[in-house]
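Reader: I am new to this structure and would like to be taken through it with some care. Could we begin once it is in view?

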Amino acid sequence: MPEEVKQDIYSVKEGGFDWDKWNSYDKEWWVQLKMDLKEVRLLYSTLSFYLDNYAGTPERPPEEESYLKFLKGELYKMIQDYNLTHHSV
């Protein structure tokens, strides 16, 4: 496994993010992010590349892959919404 991934706090078992306690984290706090279409497409492309090269379990937490697929789908919806509402001939 590459050194960068070993140091990722979300993949470290000891002292890292505790995926088993995910449901007990503060869900009252949230953030809103403002991006233009170019940024959405870039993030979609980045997630697509990452998922195509995804290491999977046991290196990565199982919850991560399903969340990344969900996020990719949400970004795809944003792109399609833009294409539908801002398309001109």
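Author: A search of the whole structure finds three aromatic pairs, where rings of Phe, Tyr and Trp (its six-membered ring) pair if their centres lie within 6.5 Å, with planes under 30 degrees apart counted as stacked, over 60 as edge-to-face and the rest as tilted. This is a predicted model, in which local features need pLDDT of at least 70 and side-chain atom pairs count only at pLDDT 80 or more, while totals for chains, interfaces and linings use all residues. Residues are numbered from 1 along each chain as its sequence is written, and side-chain values use heavy atoms, with hydrogens and water left out.

Reader: What kind of aromatic pair do Tyr44 and Tyr76 form?

Author: The ring centres of Tyr44 and Tyr76 are 6.1 Å apart. Their planes make an angle of 40°, and the pair is tilted.

Reader: Which helices does this pair link, and how many residues apart are Tyr44 and Tyr76?

Author: Helices are DSSP runs of H or I with at least four residues, numbered from the N terminus. Tyr44 lies in helix H2 and Tyr76 in helix H3, so the pair links distant parts of the chain. The separation of the two is 32 residues.

Reader: Is Tyr44 buried or exposed, or does it fall in between?

Author: Buried means under 20% relative accessible area and exposed over 50%, with partly exposed in between (1.4 Å probe, protein chains only). Because its relative accessibility is 22%, Tyr44 counts as partly exposed.

Reader: Which residues make up the largest nonpolar core, and which helix gives the largest share?

Author: A nonpolar core is a set of buried Ala, Val, Leu, Ile, Met, Phe, Trp, Tyr and Cys residues joined through side-chain atoms within 4.5 Å. The largest one has eight residues in all, namely Leu37, Val40, Leu47, Leu51, Tyr54, Leu68, Leu75 and Ile79. Helix H2 (37–52) and H3 are the elements that give two or more residues to this core. The largest share, four residues, comes from H2.

Reader: Where is Glu64 found, and which side chain does it join in a polar contact?

Author: Glu64 is found in helix H3 (residues 62–85), and with a relative accessible area of 13% it is buried. A polar contact is a pair of N or O atoms within 3.5 Å; within protein, one must be able to donate a hydrogen and the other to accept it, and residues adjacent in sequence count only if both atoms are side-chain atoms. At 2.8 Å, such a contact joins the side chain of Glu64 to that of Tyr54.
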